[in-house]
Amino acid sequence: MNNRLIKKFFPIPTQTSLEDKLVILSINRFLSRKKFFEYLEIGSYLGGSLTPFLMNKKCKKVMSIDHRNQILDDERSEKFSYEKVSENMMIENLKNQKIDITRLRTYNGDIKNFKGFGKYDLVFIDGIHTDKNTFSDFLYSFDKLKKNSIIIFHDSVVIYKALVLINEFLKKNNHIFKIIKFKSSGITGVFLGNISKINISAKIYPTENFDEFIKNAEKSLLIQQLTNRVDIKFKISRFLKNKFPYKFIIKSKKKTIV
Ligand SMILES: C[S@@+](CC[C@H](N)C(=O)[O-])C[C@H]1O[C@@H](n2cnc3c(N)ncnc32)[C@H](O)[C@@H]1O
């Protein structure tokens, strides 16, 4: 059942996991209770995470913001090259799947320079995976959110510190909100206004304890950073002199071409 749904709604390759896709489908279904809704996505890559919303007639506007052809920094201490992934490739992918793109709008750039008007019911942040950029994407998209709305973040482990800061920012400014981590998925959601009062686990998708998640994310990210950047060399000369025999060497950042 799930596989059939996933194939139908995600016909284009995406960097989301099975659980992420199920969360996205559940939120899409939840928002369909409204007369209509509007979706903004930061980081669209090949268009794979846009398709459930483009296929949903209740979603009246799909805004894709993507600063194309960049090499991206990442809190895992590695680099990801999207230099060869263009907006045209995304549009061709969508057309090849015969997806209606009349409700799609695109902006090639960073949201901080985006001058478009309009307010959104759902924002998906999946651009540069650093805490600084995630926090910046959050601040700029926050101005574009409706009062009762949802903002979701991908790869929560990688940008967990940004999520902690966003939680503090919202508390300090007395916003009515709930921050939740979806179980076994990389997605964290901030539910604003009246939507924060619903039973998210029951109505949308099972959730896990946010504070526990943050504690585990810290350990998991540290392991990834060490694996990516630190080489350990055993020095026999030091060993023979009865000195600490290991030397830690910082490697340069690996670049993965996406
Ligand atoms: C992780 S991928 C997005 C994956 C996509 N959401 C999916 O599920 O397939 C990150 C995307 O962010 C884009 N990007 C790079 N810099 C950006 C920026 N400053 N603002 C928005 N998007 C950016 C890249 O071009 C790339 O397409």
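View 1. Helix H5 (residues 131–142) has twelve residues and reaches 16 Å from its first C-alpha to its last, close to the 16 Å expected at 1.5 Å a residue, where the expected span is 1.5 Å times one less than the number of residues. Helices (H or I, at least four residues) and strands (E, at least two) are DSSP runs, numbered from the N terminus. The model is predicted, so that local features need pLDDT of at least 70 and side-chain atom pairs count only at pLDDT 80 or more, while totals for chains, interfaces and linings use all residues. Residues are numbered from 1 along each chain as its sequence is written. In H5, Asn-133, Thr-134, Asp-137, Phe-138 and Ser-141 are buried (20 or more other C-beta atoms within 10 Å of a residue's own; exposed, 12 or fewer; partly exposed, in between; C-beta atoms placed from the backbone). These residues cover an arc of only 140° around the axis, which puts them on the same side of H5; the arc is that of the directions from the helix axis to the C-beta atoms.

**View 2. The crossing of helices H1 and H2.** The axes of H1 (residues 2–9) and H2 (residues 18–31) come within 11 Å and cross at roughly 75°, the axes being lines fitted to C-alpha atoms, for helices over the stretch in contact, with angles from 0 to 180 degrees between N-to-C directions.

**View 3. Leu-5 in helix H1.** Leu-5, found in helix H1, is partly exposed, with 13 other C-beta atoms within 10 Å. Leu-5 and Ser-81 lie 76 residues apart in sequence and 30 Å apart in space, C-alpha to C-alpha.
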